[in-house]
2 protein chains.
Amino acid sequence: MIMQSFQPPRRILMGPGPSDVSPRVLAAMARPTIGHLDPEFQSLMEEIKGALQRLFNAPDHACVPLPAPGTAGMEAAIMNLLEPGDRAVIAVNGAFGGRMADMAGRAGATVVTVDHDWGQPVDVKRVEAALAEAPTKVLAFVHAETSTGARSDAGPLCALARKYGALSVVDTVTSLGGIAVDVAGWDADVVYSGTQKCLSAPPGLSPIALSKRAQEAIRNRKEKVRNWLLDFNLLMSYWGGPDGSGGGGRTYHHTAPINALYGLHESLVVLFEEGQQAAIVRHAKMHQALAAGLEAAGLKLLVDEAHRLPQLNAVVVPDGVDEAGVRNHVLKNWDLELGAGLGPLKGKVWRIGLMGASATPWHVRLCLTALCEALAAQGVKLDAAAVLAAADAKLAA
Amino acid sequence: MIMQSFQPPRRILMGPGPSDVSPRVLAAMARPTIGHLDPEFQSLMEEIKGALQRLFNAPDHACVPLPAPGTAGMEAAIMNLLEPGDRAVIAVNGAFGGRMADMAGRAGATVVTVDHDWGQPVDVKRVEAALAEAPTKVLAFVHAETSTGARSDAGPLCALARKYGALSVVDTVTSLGGIAVDVAGWDADVVYSGTQKCLSAPPGLSPIALSKRAQEAIRNRKEKVRNWLLDFNLLMSYWGGPDGSGGGGRTYHHTAPINALYGLHESLVVLFEEGQQAAIVRHAKMHQALAAGLEAAGLKLLVDEAHRLPQLNAVVVPDGVDEAGVRNHVLKNWDLELGAGLGPLKGKVWRIGLMGASATPWHVRLCLTALCEALAAQGVKLDAAAVLAAADAKLAA
């Protein structure tokens, strides 16, 4: 077997993540590797911690990037907070709520799910009813369901956790950087995300924020965490002491993925140059343009307007249209990646991401052009010029 | 706070890892990110699986790179194989054996450690005595102890596991690519490594090989694995079916760290171009040269010659020499990173890595030059020219 260097093809990433990575972030990934215990690397770690506090709006939380993809943030939150016998209430309104419930069972918890139809936001009243039934250690939910494009209302849900003495766990994998994530305002306990969505860095890291309440609960566990790599009692010492303040010195734990952290750092430099609020406004505007174009093409979004994520658009596949055929067409003819549906939405929706560097007018216009062509190839009658004009009107606004 | 792009300083990496990463691997990391479900990326995954089988010499094992640093390989091996009540015998002759024992406890196993002085190889007879005491599910040991530089004899230890009906777990984080790793020859069950040692890719991935026996044991577990991200029953479906053959299709699990996998792939292209055997010979030769120079400088290695790892040299700090002072000197004056001792060896040894792209004559000569200067600065009398000449004689051989 002769192996040759891998040269990736051109791709325009408008699926559920990864999103397009900017050349600046790619260039940062290629800078020379230095040691993870190097004083200069430790300065970088401190800067990343501060930047994540700013990104999450979590000045009093310990914030670090975990050395594995977004799922590691979920696993860390669940495994560190829950012990055998603890009760966990988990809102399930898509694939990722279901994953949380699976993990909570592995932690030994008694798991109560509050199940919703996919595409719906989490119902605050039904969650309250579940919390009122019995003392609960953790309330977990997904802020931005990547599998459906639904946004849930994180503030009231975190407030419920406080009211019933539970710790809140919030999945912001797809929301962070694309819509407002306000950890301090929500008074949330453990909030995690990923790098490959609205931060537009490659996948492989999971930024996470821990409240002082969560830190205390983890310190006071009866049993060891069922995970060594993600055990915050060990991991935080590597990142500078029990509360991540740097006051406790540093202890070797794992070896940080150094070049991936260069990439995350640069993606934060890029984001703060634009401004977090400006980035949020940009995501909203691109969504308005895409949605206008989709409407002009006669397509419908799965989620009600009030709960739609701008960065993840689940588009209902019209009757008679071959879902995979459309994705294959745009991949083949436009190097454009769109997402398929998961679970009960398989074959029923396309997922169009407008995340980070993929949330630009160019992406919106390319996507609508490619989609119109693919639909026309399947015999759907539509006016591609009118579709683009509808989007352009929003882009010009 | 104004954040600026991070520009790493020049560093020559001769600690216990990461090692110097070649420009080719860094360039590969910077190629455009494509989707993890893209057909082209799936071809890359297949190629990496095959290359890992070749690297481990494990044609009948399922081989994949886990999406987190080397410790994830250890955690995956332990957490997938062990269930509550299982007995595990773990040889501890350094920091990493101890870590395995900690993890096995978290898996709910009954843990029996066979403890050694740090710097000693694992004692096959004492391990056999522990296995003979009671039925055992897992025998785990470290092939190449990064904390001490000791190589243990993997073949006889794996044979003992077979004899007593246990599954073997072998840590080859520091050995793979630097000395022979022969998974088929050893008839080993679960063998894992890291990317930042002798493969000279950045840290962040953990290649792992699973025997058919191990796969069957994992399929037949009574309880779910206490780890979702590293649960092979889920993870292997992402990598192409239960046995990783690709026959079962692919199921979304996590999002692979795409650019890190570009880097691993390129590091394997580089290694196979050189030839695995040639790389092993190179590591041995660089070690001979370094050891000759150290001897000429009056320095001693911690580990007996018969069990020394060429790629990890633990050098005893002479009486009266300030251990950290020497490391600080070479870092400040030569941009050279050497490793400190861990645990009971803290302050007592330096760890000098000759791994992958850091195993060259240039590195050996630079290291000896810098070390002589640092020792002279502390009043140690030595003849630097004679030290280099001793190394050069071996390099010329």
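Cys63(B) is buried, at 3% relative accessibility (buried means under 20% relative accessible area, exposed over 50%, partly exposed in between, with a 1.4 Å probe and protein chains only). The structure is a predicted model, in which local features need pLDDT of at least 70, side-chain atom pairs count only at pLDDT 80 or more, and totals for chains, interfaces and linings use all residues. Residues are numbered from 1 along each chain as its sequence is written, chains are lettered from A and ligands numbered from 1 in the order in which they are written, and side-chain values use heavy atoms, with hydrogens and water left out.

The count of disulfides over all chains is zero (a disulfide is a pair of cysteine sulfur atoms within 2.5 Å). Cys158(A) is in no disulfide, and its nearest cysteine sulfur, that of Cys63(A), is 14 Å away. Cys158(A) is buried, with a relative accessible area of 0%. Cys63(B) is likewise in no disulfide; the sulfur of Cys158(B), the nearest, is 14 Å away.

Chains A and B meet through 72 residues of chain A and 72 residues of chain B (contact means heavy atoms within 4.5 Å). The area buried between them is about 6,100 Å², with carbon and sulfur atoms giving 63% (buried area is the accessible area, 1.4 Å probe, that two parts lose on being put together, summed over both). Six salt bridges cross this interface (a side-chain nitrogen of Lys or Arg within 4 Å of a carboxyl oxygen of Asp or Glu). One pairs Lys224(A) with Asp102(B), the closest N and O atoms being 3.0 Å apart. On chain A, helices H1, H2, H3, H4 and H10 each supply at least two residues of the side that touches chain B (helices, H or I of at least four residues, and strands, E of at least two, are DSSP runs numbered from the N terminus). H10(A) gives the most, with eight residues.

Over all chains, 38 salt bridges are found. Glu46(A) and Arg250(A) meet at 2.5 Å, N to O. Glu46(A) lies in helix H2 and Arg250(A) in the loop between H9 and H10 of chain A, so the pair ties together parts that are 204 residues apart in sequence. Glu46(A) is partly exposed, at 33%. Arg250(A) is also partly exposed, at 25%.

In chain B, Glu46(B) forms a salt bridge with Lys49(B), at 3.0 Å between the closest N and O atoms. Both lie in helix H2 of chain B, three residues apart, about one turn of the helix. Glu46(B) is partly exposed, at 33%, whereas Lys49(B) is buried, at 6%.
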